[in-house]
Amino acid sequence: MKRPIFTFFLLFAILGTALSQVKWNKAYSDYFNQWGEVAMQQMIQYRIPASITLAQGVLESAAGKSELALRANNHFGIKCNGWTGRRSYHDDDERGECFRAYDNAYQSYVDHSVFLSTSQRYRRLFDLKRTDYKGWAKGLKACGYATSPTYATKLIEIIETYKLYQYDEGKEFNRKENVLLQQGEMRHIYTFNKNYYIRARRGDTFRRIAEDVDISYRKLAKYNERNKNDVLEEGEIIWLHKKAKKAPKAFKNRPHRVEPGESMYIISQRYGIRLKYLYKMNNLAPDYVIKTGDLLRVR
């Protein structure tokens, strides 16, 4: 009796290994390499786990190869409800359903973040910890993001197979025992474009930040192309090292569309690019005034 039982479990183990190998897909891996940094950027801005964003993106878009992704740059299967932009029609639960269309896939990532963070339907998900990808996956299904009964299971399998949870846990750089404390409050340091930054608080100055991060306030001002005596706006990005000449590879051929109220400086801070190189990439004179809707190269 023992031999058949042993043989059964051996075959079961071999089969399990084979199945897990089948799950791994190079197209998926390439997709995560391409969009991982963008997903982290969105996580920092909107508090949606990067692992969830990547798993949804790769699943909904077939690793960027679905008809909807190729024709409409829609990587998340978001339909037209409340949408005033371009549209694309595809068969889904019903024939000829209306889906949102974008100029590029990066816009799809941004709209996915806005869609989740501004919808009452998904509000309770933002009470979960950023590392609770299982809670997010199950919550998305429970809130009606997808009709498939296995949607949450698929997201979790993708995250665990490709270790996407590392994007949630391992890409935040913290100093002084994981957090910096200012008057009893945490000051997180984040990473993007091979650099580190924080978000300014109300009343912050370069001198005040310098005390927390142990960097000269003159250097901080220089890194951020500002006057060392400037008073900073709440939520403003403050880089802790010299900014790069261009955005990450994920933004190649994905221009930034200027939004209302944005300036060249604001855009340079958003992508961690030195201002002069942003002008240079776009062949613009330093006195050029950008307009809403302008497309700017960032890489």
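I note that the model is a predicted one.

**Entry on H5.** I looked up the extent of the helix: H5 covers residues 105-118 and reaches 20 Å from its first C-alpha to its last, close to the 20 Å expected at 1.5 Å a residue. I then listed the buried positions, which are Ala105, Tyr106, Gln107, Ser108, Tyr109, Val110, Asp111, His112, Ser113 and Leu116. Next I asked what covers the buried residues of H5. The cover includes the helices H2 (26-46), H3 (50-61), H6 (133-142) and H11 (264-271), together with strands S2 (97-100) and S8 (256-257). At the start of H5, I found a side-chain oxygen of asparagine 104 within 3.2 Å of the backbone nitrogen of tyrosine 106.

**Entry on glutamine 56.** I located glutamine 56 in helix H3. Its relative accessible area is 0%, so I record glutamine 56 as buried. I looked up what glutamine 56 touches, leaving aside residues up to four places away in sequence. Among its contacts are His112 and Leu116, both of which are also buried residues of H5.

**Entry on S1 and S2.** I examined the side chains along S1, residues 87-90, and found that they alternate. S1 pairs with S2 in the antiparallel sense, over four bridges. In this pairing, tyrosine 89 stands opposite cysteine 98 of S2.

I found S5 (residues 190-192) paired with S6 in the antiparallel sense over three bridges. Phenylalanine 192 has asparagine 195 in S6 as its bridge partner. The two strands, S5 and S6, form a hairpin with two residues between them, and asparagine 193 in the turn has a positive phi of about 55°. S6 is also joined to S7 by three bridges, and these strands run antiparallel. Isoleucine 198 stands opposite isoleucine 238 in S7.

**Entry on the cavity.** How many cavities of 30 Å³ or more does the structure hold? I found one. The largest cavity has a volume of about 60 Å³. I list its lining as Gln41, Gln45, Phe192, Tyr197, Arg199, Ile237, Trp239 and Arg270. H2, S6 (195-199) and S7 (237-239) each supply at least two residues of this lining. Phe192, another residue of the lining, is the bridge partner of asparagine 195.

Technical notes:
Residues are numbered from 1 along each chain as its sequence is written. This is a predicted model: local features need pLDDT of at least 70, side-chain atom pairs count only at pLDDT 80 or more; totals for chains, interfaces and linings use all residues. Side-chain values use heavy atoms; hydrogens and water are left out. The expected span of a helix is 1.5 Å times one less than its number of residues. Buried means under 20% relative accessible area, exposed over 50%, partly exposed in between (1.4 Å probe, protein chains only). Contact means heavy atoms within 4.5 Å. A polar contact is a pair of N or O atoms within 3.5 Å; within protein, one must be able to donate a hydrogen and the other to accept it, and residues adjacent in sequence count only if both atoms are side-chain atoms. Two strands pair if DSSP finds at least two bridges between them. On a 1 Å grid over the protein atoms alone, a cavity is a set of points where a 1.4 Å probe fits but cannot get out, and a pocket is an open set with protein on both sides within 12 Å along at least five of seven lines; lining residues have an atom within 4 Å of a point. Grid points are joined across faces, edges and corners, and a volume is the space filled by probe spheres set on the points.
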